[in-house]
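Let's take a friendly walk through a protein structure, one part at a time. Keep the picture open beside you as you read.

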Amino acid sequence: MRFDVVSLFPGWVASVADWGITGRARDRGLLSLHGWDPRDYTHDRHRTVDDRPYGGGPGMVMKVDPLRQAIQAARHADPRPARVIYLSPQGRPLDQAGVQRLATLPRVILLAGRYEGIDERLIQLEVDEEWSIGDYVLSGGELAAMVLIDACARLLPGVLGDALSAAQDSFSQGLLDCPHYTRPEVVDGLAVPEVLLSGDHGRITGWRRKQALGRTWERRPDLLAQQELSEADCRLLEE
Ligand code: ADE
């Protein structure tokens with residue numbers, strides 16, 4: 001999967017692939033990141049990318065032209081069509097279903113804004129989708145772009161060691177994840193639940209499902225409300 005990132009700090013966003021799973025994805029040739037700095041598409045001495053807002057008010061707005069030319073340059077750098085995604089607090093809340101769809105695309109151009117925002121006409125002319133990573137305001141879209149890249153990269157076939165890991169993730173089944181344990185068996189008097197030592201895979205699967213349902217019910221009832229519970233799930237919850 002190829003990501004092109006249009007940002008005033010393209011090297012910062014690209015550094016998401018310097019470590020960990022995203023680094024492994026890049027080293028295996030499954031992920032590539034390319035940065036485009038809108039300042040490289042300005043024509044004045046100060047390399048100006050922003051201007052005062054029409055109508056007045058605080059802050060500055062990113063101008064159409066440098067961003068548009070950077071996006072066009074990114075589009076033409078590869079023959080495959082790209083979806084252009086703008087990261088902003090006004091976007092649709094990013095969720096695992098959204099990430100799963102994006103991870104099937106061969107190419108994505110990410111647009112990270114700064115200042116008060118970008119000129120609305122750039123969004124109308126060039127942007128296909130607008131996503132938010134949560135109801136809080138960052139000082140720019142770069143961290144949001146890195147979140148999106150990381151979430152997609154770990155779903156690319158061949159990136160995670162165990163293909164089941166992604167399928168069993170929190171949210172991929174619409175529920176929060178169950179608790180996990182590893183050695184030692186007892187830590188400060190806290191023992192690993194007996195069922196996990198039983199070797200009985202049927203019981204273990206049932207226990208994990210029940211934990212996932214219980215946690216989701218306690219912590220995220222909004223997620224549970226969207227689920228159709230099977231009869232087996234209802235029996236688990238009655239046990
Ligand atoms: N840019 C600033 N805040 C953001 C957010 N919450 N999500 C995505 N992009 C942003």
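## The protein as a whole

Please keep in mind that this is a predicted model. The protein has 10 helices and 9 strands. Along its principal axes, its C-alpha trace spans about 70 × 40 × 35 Å. A compact globule of 239 residues would have a radius of gyration near 18 Å, whereas this protein has 22 Å.

How much of the protein counts as buried? Of the 239 residues, the share is 26%. Contacts across the sequence can be followed too: among those with a separation of 6 or more, 76% come from residues 24 or more positions apart.

Strands of a sheet pair through backbone hydrogen bonds, and they can do so in a parallel or an antiparallel way.

Now look at strand β1 (residues 2–6). Is this strand largely enclosed or largely open? It is largely enclosed by the rest of the structure, because 4 of its 5 residues are buried. On one side, β1 pairs with strand β2 (residues 32–36) in the parallel sense, over 5 bridges. Strand β1 also pairs with strand β6 (residues 107–112), again in the parallel sense and over 5 bridges. You can trace these pairings residue by residue: D4 stands opposite H34 in β2 and opposite I109 in β6, while R2 stands opposite R107 in β6.

## Around the ligand

Which residues are found around the ligand? They are L87, S88, P89, S132, I133, G134, Y136, V137, L138, G141 and A144. Strand β5 (residues 83–93) gives the most to this shell, with 3 residues.

Sorting the shell by class gives 7 nonpolar and 4 polar residues, with no charged ones.

## Residues in the loops

L94 lies in the loop between β5 and α4 (96–102). With 19 C-beta neighbours inside 10 Å, L94 counts as partly exposed, because a buried residue needs 20 or more. Leaving aside residues up to four places away in sequence, L94 touches V99, W131, S132, I133 and L148. L94 and E130 are 36 residues apart along the chain, and their C-alpha atoms are separated by 9.5 Å.

R52 sits in the loop between β3 (50–51) and β4 (61–62). Is R52 buried or exposed? R52 is exposed, with 11 other C-beta atoms within 10 Å; the limit for this class is 12 or fewer. R52 and M62 are 10 residues apart in sequence, and 8.9 Å separates them in space, C-alpha to C-alpha.

Most residues other than glycine have a negative phi, and most peptide bonds are trans.

R47 is in the loop between β2 and β3, and its phi is near 50°, a positive value in a residue other than glycine. R47 is partly exposed, with 13 other C-beta atoms within 10 Å. Y115 lies in the loop between β6 and α5 (120–126). Although Y115 is not a glycine, it has a positive phi of about 60°. Y115 is partly exposed, with 16 other C-beta atoms within 10 Å. Finally, what kind of peptide bond joins R183 and P184? It is a cis bond, with omega about 5°. P184 is located in the loop between α7 (163–167) and β8 (186–187).

Notes. Residues are numbered from 1 along each chain as its sequence is written. This is a predicted model: local features need pLDDT of at least 70, side-chain atom pairs count only at pLDDT 80 or more; totals for chains, interfaces and linings use all residues. A residue is near a molecule or strand if its C-beta atom, placed from the backbone, lies within 6 Å of it. Helices (H or I, at least four residues) and strands (E, at least two) are DSSP runs, numbered from the N terminus. Ala, Val, Leu, Ile, Met, Phe, Trp, Tyr, Cys and Pro count as nonpolar, Asp, Glu, Lys and Arg as charged, and the others, Gly among them, as polar. Two strands pair if DSSP finds at least two bridges between them. The radius of gyration is taken over C-alpha atoms; the globule rule is 2.2 Å times the number of residues to the power 0.38. Two residues are in contact if their C-beta atoms, placed from the backbone, lie within 7 Å.
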